[in-house]
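Biologist: Please take one chain of this complex and walk me through it closely. I would like its helices, its contacts and its packing in one connected account.

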Amino acid sequence: MALEPRTRRYRNWYSKLLRLYPKAYRERFGEGMEQTFNDLCRERAQEGKGLFRLALWMFVETSAGIIRENATIIMRCIMNRGSTIFLRLVITLIAIAALAVCVFKLPRMIAQEAAKTPDTAWQIYLFLVGAYIQAALFFFALYQAFKLLSYIDRNKAFSELSVRALRHIKHSALTSVS
Amino acid sequence: MSKNTPNTPLTPAVLHILLALSTEERHGYGIMKEVDADSQGKVKMGPGTLYGSIGRMIEAGLIRESDKKVDPEMDDERRVYYRITGIGQKSLAAELERYREVVAVARRKQLA
């Protein structure tokens, strides 16, 4: 049976709307949803009723479903990655705090100490250089920890890459201590 | 979603879908029509709610996909049918028992 142009248009729009569902969901239920929409349109047409109200209701109802399914995917993603997200946040906060100390606090402290004892100021500046080298190692270790978390997210926790990241963290720590 | 146990309360949409599938396998449109008939037109379920619920019910083990078939009353494409599982039947029975208990309480209090 030839479709009325308006019905065909609604079906096309509905088909396009379904593209907003998450891919896995669309692949599983998209065809069935389209069929159901078509069945309802056909039923309405056979009853000689207009399609506008039905189509409007279906579009609104399906849009709510799209929001719900996408929100579910996002929530699952956050739940699965919750622990690593928390650790990333902690690493970022530590990095910001360390950077703030290096940029603002440390130079001021060194300048004050150098002003008090101008004769041995070179020793204090040497200490500053040492502190910055330590800080560089610390930031490098944080960066490696960040990389390690991304390997965990990609299910590569027990790979050569993660072992290398852990080795870099260990070397940074040992160099800092020695 | 983890597997449902019969003690897990069901949402109205899930209850209606299980009721619709309790007598025979149905496709999406068939479920919708049955829910409409069971509720005498009071429950209107669109494809968004229906297929969202179907997805969660499959994950919970309440229903499963049956083979693709052609509906003899519908001329066209092959369709996915859904059928209730053993867990689904137990969950439905437990939910109906809960409803019976609530109605019994309401009767005792002369509210129904």
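Modeller: I start at the tail of chain B. B:Gln110 counts as exposed, because it has 6 C-beta neighbours inside 10 Å. The model is a predicted one, so values here are computed, and local features need pLDDT of at least 70. B:Gln110 sits in the segment after α4 of chain B. Its phi is positive, near 55°, in a residue other than glycine.

B:Gln40 is not a glycine, yet it has a positive phi of about 55°. B:Gln40 lies in the loop between α2 and α3 of chain B. It counts as exposed because it has 7 C-beta neighbours inside 10 Å. A positive phi also turns up just after α3(B), where B:Gly61 takes a value of about 80°.

Now the layout. Chain B holds 4 helices and 2 strands. Along the sequence the pattern is α-α-α-β-β-α. Of the 112 residues in chain B, 32% are buried. Take the contacts in chain B with a separation of 6 or more: residues 24 or more positions apart account for 55% of them.

Next, the last helix. α4(B) has 23 residues. From first C-alpha to last, α4(B) reaches 33 Å, close to the 33 Å expected at 1.5 Å a residue. B:Gly88, B:Ser91 and B:Leu92 are buried in α4(B).

Those three residues return in a helix pair. The axes of α1 (residues 12-21) and α4 (residues 86-108) of chain B come within 10 Å. They cross at roughly 115°. The crossing of α1(B) and α4(B) is left-handed. On the α1(B) side, the contact uses B:Leu15, B:Leu18 and B:Leu19. On the α4(B) side, it uses B:Gly88, B:Ser91, B:Leu92 and B:Glu95. By class, the residues of this contact are 4 nonpolar, 2 polar and 1 charged.

Now α3(B). This helix has 14 residues and reaches 19 Å from its first C-alpha to its last. That is close to the 20 Å expected at 1.5 Å a residue. α3(B) is mostly covered, with 10 of its 14 residues buried. The buried residues include B:Pro47, B:Gly48, B:Thr49, B:Leu50 and B:Tyr51. B:Gly52, B:Ser53, B:Ile54, B:Met57 and B:Ala60 are also among them.

B:Met57 is buried because 27 other C-beta atoms lie within 10 Å. Leaving aside neighbours within four places in sequence, B:Met57 is in contact with B:Val14, B:Ile17, B:Leu62 and B:Ile63. B:Met57 and B:Val14 are 43 residues apart in sequence. In space, C-alpha to C-alpha, B:Met57 and B:Val14 are 7.5 Å apart.

One of those partners, B:Ile63, has its own list. Not counting residues up to four places away in sequence, B:Ile63 touches B:Leu21, B:Ile54, B:Met57 and B:Ile58, among others. The list for B:Ile63 also includes B:Tyr82, B:Arg83, B:Ile84, B:Thr85 and B:Gly88. B:Gly88 is also one of the α4(B) residues that contact α1(B).

In soluble globular proteins, nonpolar side chains tend to be buried together. Here the largest nonpolar core has 33 residues. Those with the most contacts inside it are B:Ile17, B:Leu18, B:Leu21, B:Ile31, B:Ile54, B:Met57 and B:Ile63. At least two residues of this core come from each of α1 (5-18), α2 (23-46) and α3 (52-80) of chain A, and likewise from each of α1, α2, α3 and β2 of chain B. The largest share, 6 residues, comes from α2(A). Another core, of 5 residues, lies apart from it, with A:Ala141, A:Ala145, A:Leu149 and A:Ala165 among its members.

Last, the side of chain B that faces its partner. Here 14 residues of chain B are in contact with 16 residues of chain A. In chain B, α2 (28-38), α3 (47-60) and β2 (78-84) each supply at least two residues of the side that touches chain A. α3(B) gives the largest share, 6 residues. By class, the side of chain B that touches chain A has 6 nonpolar, 6 polar and 2 charged residues.

Notes
Residues are numbered from 1 along each chain as its sequence is written. Chains are lettered from A and ligands numbered from 1 in the order in which they are written. Axes are lines fitted to C-alpha atoms, for helices over the stretch in contact, and angles run from 0 to 180 degrees between N-to-C directions. A crossing is left-handed if the near helix is turned anticlockwise from the far one by less than a right angle, and right-handed if clockwise. Two residues are in contact if their C-beta atoms, placed from the backbone, lie within 7 Å. Ala, Val, Leu, Ile, Met, Phe, Trp, Tyr, Cys and Pro count as nonpolar, Asp, Glu, Lys and Arg as charged, and the others, Gly among them, as polar. The expected span of a helix is 1.5 Å times one less than its number of residues. A residue is buried if 20 or more other C-beta atoms lie within 10 Å of its own, exposed if 12 or fewer, and partly exposed in between; C-beta atoms are placed from the backbone. A nonpolar core is a set of buried Ala, Val, Leu, Ile, Met, Phe, Trp, Tyr and Cys residues joined through C-beta atoms within 7 Å.
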